[in-house]
Amino acid sequence: MARRRVTATVRCAKPSCREVAHYEYDSQRERADAERYHQRCPWRCFRHSDEDAVLSPANPERTTTLTAVKVDYGAGPPGLSWRAEGAASGSGLISGPGFKAIASDLPEGARLIVTARIELPEPAVDN
């Protein structure tokens, strides 16, 4: 006999936020395990998972600096990876709107500085 899938809805833990996530589980036990996890580690929506990174009129600009660092992959020669300061891992390829940066194309120690900035329109002037 096939098991009936179970669904659950979780609300963002930030007070007054109305975002929800929908999860589907294979069993009631799996859903109960997830519920216990969310009690220990409340879910936060995309906007509230890292509020300082959200661009807004009060926070119009963010800059991130990545450095090309040498990494040893175990087998074969070492390569380069983009790493943020203090990060344990990274990627050899970073891309965003209008750019692609391949760490192995650059010398070790090269820095990639990515800035995102919003510019708000000037308020309309009534004549």
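**Notebook: pocket, cores, rings**

I looked up Tyr25 first: it is buried, with a relative accessible area of 9% (buried is under 20%, exposed over 50%, partly exposed in between; 1.4 Å probe, protein chains only). This is a predicted model, where local features need pLDDT of at least 70, side-chain atom pairs count only at pLDDT 80 or more, and totals for chains, interfaces and linings use all residues. Residues are numbered from 1 along each chain as its sequence is written, and side-chain values use heavy atoms, without hydrogens and water.

Next I checked rings. I found one aromatic pair (Phe, Tyr and Trp rings, the six-membered one for Trp, with centres within 6.5 Å; stacked under 30 degrees, edge-to-face over 60, the rest tilted). Tyr23 and Tyr25 are stacked, 6.3 Å centre to centre with 20 degrees between the planes. Tyr23 is partly exposed, at 28% relative accessible area.

Then I turned to cores (buried Ala, Val, Leu, Ile, Met, Phe, Trp, Tyr and Cys joined through side-chain atoms within 4.5 Å). The largest nonpolar core has eight residues, including Leu66, Leu80, Trp82 and Leu112. Strand 3 (61–71) and strand 4 (79–84) each supply at least two of its residues (strands are DSSP E runs of at least two residues, helices H or I runs of at least four, numbered from the N terminus). Another core, of six residues, lies apart from it and includes Cys12, Cys17, Ala21 and Trp43.

Tyr25, Arg31, Glu35 and Trp43 are among the lining residues. Helix 1 gives the most, with five residues.

Terms used. On a 1 Å grid over the protein atoms alone, a cavity is a set of points where a 1.4 Å probe fits but cannot get out, and a pocket is an open set with protein on both sides within 12 Å along at least five of seven lines; lining residues have an atom within 4 Å of a point.
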